[in-house]
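I set down what I looked up, entry by entry.

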Amino acid sequence: MSGSMSGATSELGLREFHSFQAAGKDFVYLVPSAAVFELDDSSAAVLNRLGARSLSRQDLAQQLSAVFPASEIDETISELLRVRAIGEIGVPEKQAAKVMPPENFPLTTMVLNVTNQCNLSCTYCYEYGEDKIVDTENGKKPKFMSEETARESVDFMLREAGDNKIAHLTFFGGETLMNFPVLKAAMSYARERAAATGKQVDFSLTTNATLLRPDIIEFLAENRVGVTISIDGPKEMQDQFRVFSNGKGSYDIVAPKIKELLKRHRSRPIGARVTLTSQTLDIRKIYRHLTEEIGFWDVGFAPVTTSPNREYAIAETGFDAMLEQFRGLAADFLEAALENRHHGFSNVKDTLEEIHKGVSKAYPCGAGLGLMGVSTDGDVALCHRFAGSDAHKLGTVRDGIDRLVQIGFLEKHHIDDKTDCSQCWARPLCSGGCYHEAHTRYGETAHPNLHYCEWIRGWTDTCLKIYAELSVRNPRYLEQFDEKVDYEASQVS
Amino acid sequence: MKHLRSVNRKAQRVARAADPQHDPLNDVVALQGPPPQAAPHIPLGCTLIFSPGWEADHNGGTAGLCQPVERDIFDCHEGCFWPAQVPDQLNHAPDWTAKCAAAQKDWRKIDLVFP
């Protein structure tokens, strides 16, 4: 007799999920399937009872008999069992085996660090600041990528793209535009090679906007290059950390250039990417400034990556404050979405899309898998943040990817091996968080980012509520996420 | 599902997979392929082709078969789901049918192959 048939007498208990309310209704987010279900009165009652203690089918039906007929409770229990929201006590849930990505996973996005030089000296910078991995001052890496290395990188990208029809090439730095000639050369070579191999290349870059000249703006607009601008907000916030080497703030230089770019470059939406620190945490104010006053289409926020002892690091209480701020802006987003208006808080939109699809990640991001970073000398690393670090090298653009190193990395960083995460309901979306953040905090890429667990759970809960509310009050809004293909590098930070 | 409403796409898939009527065999689809559609069963192999005259002639007998049984060896060892056993043509006996241009006439010329 099989275990599942003995349900009549054995006791039932809760399986792993996160419950929440939205639009006056009850919902569950199941883990690890990442399915979102809305509960009716009977299923909510069953989960409520089982939350207090485990019970047999009969006891449950009996306890709820005043409100629901026994047949209805029986039916509800069967449904909850089938989606694995509940299960029999003592019968372990069937665990899926650790699934590794298929071999020779195609490269979707290549981030090309065309230079490791920068004309700003942002105090918190992970490339130049106090927590840097790569010696960019006196190291053996060339300061600028050569045209030849850029061409070899393009060949590498198209080779590793496998059967993918579209390859994404993102330019990064240092300050990307300090090596504009090589960027241009790489683009024209990529176009030529892509045409010859029947592929398409999508281009994007991240810049601090200091070097945007009219001819560069013209070039970016004409070539439909996706642009992400690193900017921290209004003058007093931008100038706090985003400074020139003499300490002078960069706001007055960049603001007019960005406005010029936004006026001319209409072929693709242009986003701002904000680094949050303990001193610049006024998210609503930053958002309003960047969208209403400057004119960005969307704004993405990320807390600064730093070791905990830095003064700009966001401490425990800072994460709480940040969560409150995020929630405030998320409420504005919801209001807009309910009326089918655009709202550019991209953190919400990105998470809604993942919730919609039911993403359940084995890895926090595509680094070392579908996304790789290339350093100025052509070394291939996990991502742009590790480009140039020998300890995080996966190969070179000339010799290709060392598959053994890559498999070793993927084996070690799989969510199934992150014991700390095994009890967390937010792991389908978080999967332990950024490798670079972990490396900076704990000196170990495979370490889960335990310092922001509460923040991740709080934020995921907020996004789930927004998603669920939209599913009740404006379900058509969510249809936009059905076909959209998402690529990690649409905003590289 | 009467008591649970599938909200996101994953929930719809979970609900479908959890449906007692659901046939799990249909779940086997390529990872990057489109979502499975309900489709008619398409048989593979030689059953795709209607070759009259193999088993019975137009009278129901075997006297007037339009194709000799010898042809089976070719029809069955290539695309057939129930393949006829033939010599190893890749390594051991690549030319075992070289002299057999048309099975109806030349079947006697098929080589005997000994391991």
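In which sense do strand β4 of chain A and β1(B) pair, and over how many bridges? I found that β4 (residues 36-39) of chain A and β1(B) pair in the antiparallel sense over three bridges. Two strands pair if DSSP finds at least two bridges between them. Leu4(B), in β1(B), is the bridge partner of Leu39(A). Helices (H or I, at least four residues) and strands (E, at least two) are DSSP runs, numbered from the N terminus.

I noted the basis of the entries. The model is predicted, and local features need pLDDT of at least 70, side-chain atom pairs count only at pLDDT 80 or more, while totals for chains, interfaces and linings use all residues. Residues are numbered from 1 along each chain as its sequence is written, and chains are lettered from A and ligands numbered from 1 in the order in which they are written.

**Chain B against chain A.** I looked up the contacts and found 14 residues of chain B in contact with 22 residues of chain A; contact requires C-beta atoms, placed from the backbone, within 7 Å. On the side of chain B that touches chain A, the elements giving two or more residues are β1 (4-6) and α1 (9-18) of chain B. The largest share, six residues, comes from α1(B).

**Helices α4 and α5 of chain A.** I read that the axes of α4 (residues 147-160) and α5 (residues 180-197) come within 9 Å and cross at roughly 35 degrees. Axes are lines fitted to C-alpha atoms, for helices over the stretch in contact, and angles run from 0 to 180 degrees between N-to-C directions. Among the residues that meet are Val154(A) and Leu158(A) in α4(A), and Ala186(A) and Tyr189(A) in α5(A).

**Trp459(A).** I located Trp459(A) in helix α15 (residues 453-473) of chain A. Is it buried or exposed? Trp459(A) counts as buried because it has 23 C-beta neighbours inside 10 Å. The cut-offs are 20 or more other C-beta atoms within 10 Å for buried, 12 or fewer for exposed, and partly exposed in between, with C-beta atoms placed from the backbone. Not counting residues up to four places away in sequence, Trp459(A) touches Leu323(A) and Phe326(A).

**Backbone entries.** I found a cis peptide bond from Val31(A) to Pro32(A), with omega near 5 degrees; Pro32(A) lies in the loop between β3 (25-30) and β4 of chain A. Ser431(A) has a positive phi of about 55 degrees although it is not a glycine, and Ser431(A) is buried, with 21 other C-beta atoms within 10 Å.

Notes:
Contact = placed C-beta atoms within 7 Å.
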